[in-house]
Amino acid sequence: MTEAPTTGGLRVEVRDRVGYVTIDRPERRNALGSAEMAALVETFVRFDADDDVWAVVVTGAGDKAFSAGRDLKELAGRDSAGARPPSPMREPMRNPFEVVLECRKPTVAALNGAALGGGLELALACDVRLAADTATLALPEALRGMGAIFGSVMLPRLVPLGIAYDMLYTGRTVTADEAARWGLVNRVVPAADLPGATDEYLRTLLANAPLTIRRYKQIIQSSLHQAPAAALRLDVRPDPYSSEDRVEGVRAFAEKRAPRWRAR
């Protein structure tokens, strides 16, 4: 296990080829201030480039909130000081949700509690969402005069359009079970079981060929709105067919043993 210093309100470590990112501000319901947003960008850029990281998990500290979203107290202070209004896609720093979305490694959000506003947007940027049965989800930006730019783009891609309109228009809070019925959450487990269920899911994921999984992610993201004929001709990398892992996978099957992946 390697552990980085806690910076920007994040606790970051690498364990058994998994990068663990914990938003560590339970006293503020794990709200995302400027420091946390910058730290998310830095962390995911680093994990994306790290060959020893094969998957990334994001969760929140404590049992109340995954993340309550943007730190509105910080934002109110900036407004009072006359700071320039925020413009998420025009800031000097990249949008952290976009960076998470583009991470080449599989990403999992473990929703240990409320995922609200920017917190839900962070979860939407991940590939898979596992939730405690006590978790709640909402995009309440319409109640605050905010924009939910990332959420308004991603939510309609993940749930039926009418559900997306309803959540965005009303800002209402939905339960983990509701979200699971729509496919917004992949799995709901008792809150006490979430860490174990997350680790079990990761073990299943890491037992499979890492280059194949990365290619799946790239092809899905590149081809989602293309015609099949065009999507099938995309030259998406990595190429598992010419990899050492493909040879190892076939050999392991023939020898009736578990493969030993190297991501090469």
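## Terms and model

Helices are DSSP runs of H or I with at least four residues, numbered from the N terminus. The model discussed here is predicted.

## The cavity

α8 and α9 each supply at least two residues to the lining of the largest cavity. The top contributor is α9, with 3 residues. The volume of this largest cavity is about 40 Å³. The count of cavities of 30 Å³ or more comes to 1.

Which residues line the largest cavity? They are W54, P106, L205, L206, N208, P210, I213 and R214. By class, that lining has 6 nonpolar, 1 polar and 1 charged residues.

## The second largest pocket

The second largest pocket holds about 680 Å³ of space. It is lined by 29 residues, and those closest to its centre are C126, D127, K217, I220 and Q221. Elements giving two or more residues to this lining include the strands β6 (107-111) and β8 (128-132). Among the helices that do so are α3 (96-102), α4 (118-125), α5 (149-158), α8 (194-206) and α9 (210-223).

Helix α9 provides the largest share of the second largest pocket's lining, 7 residues. Sorted by class, the lining has 15 nonpolar, 9 polar and 5 charged residues.

## Q221

Q221 sits in helix α9. Is Q221 buried, exposed or partly exposed? Its relative accessible area is 36%, so Q221 is partly exposed.

Leaving aside residues up to four places away in sequence, Q221 touches L101 and E102. R129 is 92 residues from Q221 along the chain, and their C-alpha atoms are separated by 17 Å.

Conventions
Residues numbered from 1 in each chain as written. Predicted model: local features only at pLDDT ≥ 70, side-chain atom pairs only at ≥ 80, totals over all residues. Heavy atoms only, no water. 1 Å grid on protein atoms, 1.4 Å probe; cavity = no way out; pocket = protein on both sides within 12 Å on 5 of 7 lines; lining within 4 Å. Points joined across faces, edges and corners; volume = space filled by probe spheres on them. Nonpolar A, V, L, I, M, F, W, Y, C, P; charged D, E, K, R; others polar. Buried < 20%, exposed > 50% of the residue type's maximum accessible area, 1.4 Å probe, protein only. Contact = heavy atoms within 4.5 Å.
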